[in-house]
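Student: Could you walk me through this structure? I am new to it and would like to take it one question at a time.

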Amino acid sequence: MANIVIISCDKIRDKSCVACIKCFKAIKEGAGEYERFKDEGINVIAMTTCGDCPGLVMPKMALVKDICNQYGVDFDYIFIGTCIVKATETAKCPIDIPELKKKLENKFGKEVIIGTHPW
Ligand code: SF4
Ligand code: SF4
């Protein structure tokens, strides 16, 4: 079972991508970037947002990690939501995704996967 954290765009989550239904559907079906865990299964440990523009992902994830420690849970992978990818491609999201991936991997020692659902 892959324990994951999903990071979403604060401006998109539950507004144009309502209730994160697309990601939950993709997890269930093993679609999009979740496909690699199709056989193993996925356990969503946490969902958090970038904290709004200009993207406060590092301090948000530090808090997520602190709370994980407090409650005795951990994650294996961090997903950067398709919402964030779309925000960078179609709007003026200032997040540099490859750079963010590097920073997250260095800080938390977990693999970061770019993108989530395929829709
Ligand atoms: S891409 Fe996934 S995490 Fe992001 S808002 Fe949509 S459903 Fe939620
Ligand atoms: S920084 Fe990017 S991902 Fe975060 S709210 Fe703004 S547009 Fe969305």
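Tutor: What follows is a set of questions and answers about this model.
Tutor: This is a predicted model, in which local features need pLDDT of at least 70, side-chain atom pairs count only at pLDDT 80 or more, and totals for chains, interfaces and linings use all residues. Residues are numbered from 1 along each chain as its sequence is written, while chains are lettered from A and ligands numbered from 1 in the order in which they are written.

Student: In what order do the elements of the chain run from the N terminus on?
Tutor: Helices (H or I, at least four residues) and strands (E, at least two) are DSSP runs, numbered from the N terminus. The chain has four helices and four strands. Read from the N terminus on, the order is β-α-β-α-β-α-α-β.

Student: What radius of gyration does the chain have?
Tutor: The C-alpha trace spans about 35 × 30 × 25 Å along its principal axes. The radius of gyration is taken over C-alpha atoms, and the globule rule is 2.2 Å times the number of residues to the power 0.38. For 119 residues a compact globule would have a value near 14 Å, and the chain agrees with that at 13 Å.

Student: What percentage of the residues in the chain is buried?
Tutor: A residue is buried if 20 or more other C-beta atoms lie within 10 Å of its own, exposed if 12 or fewer, and partly exposed in between, with C-beta atoms placed from the backbone. Of the 119 residues in the chain, the buried share is 29%.

Student: Why do the buried residues of α1 line one face of the helix?
Tutor: The buried residues in α1 are Cys23, Ala26 and Ile27. The arc is that of the directions from the helix axis to the C-beta atoms. Ile21 and Lys28, on the other side of α1, are exposed. The buried residues line one face because, seen down the axis of α1, they fall within an arc of 100 degrees.

Student: Which elements do the buried residues of α3 pack against?
Tutor: Thr82, Cys83, Ile84 and Ala87 are the buried residues of α3. Two residues are in contact if their C-beta atoms, placed from the backbone, lie within 7 Å. Leaving aside neighbours within four places in sequence, Ile84 is in contact with residues including Ile7, Cys50 and Ile97. The buried residues of α3 pack against β1, β3 and α4.

Student: Which residues are closest to ligand 1?
Tutor: A residue is near a molecule or strand if its C-beta atom, placed from the backbone, lies within 6 Å of it. By that rule 13 residues surround ligand 1, and β1 (2-8), α1 (21-29) and α3 (82-90) each give two or more of them. The closest are Cys17, Cys20, Cys23, Gly81 and Cys83.

Student: How many residues of each class are in the shell around ligand 2?
Tutor: Ala, Val, Leu, Ile, Met, Phe, Trp, Tyr, Cys and Pro count as nonpolar, Asp, Glu, Lys and Arg as charged, and the others, Gly among them, as polar. Of the 14 residues around ligand 2, Cys9, Cys50, Cys53, Gly55 and Cys93 come nearest. The shell divides into ten nonpolar, one polar and three charged residues.

Student: Is Asp14 buried or exposed?
Tutor: Asp14 lies in the loop between β1 and α1. Its phi is near 65 degrees, a positive value in a residue other than glycine. With 11 other C-beta atoms within 10 Å, Asp14 is exposed.

Student: What is omega for the peptide bond from Cys53 to Pro54?
Tutor: Pro54 has its place in the loop between β2 and α2 (57-71). The peptide bond from Cys53 to Pro54 is cis, with omega near 10 degrees.
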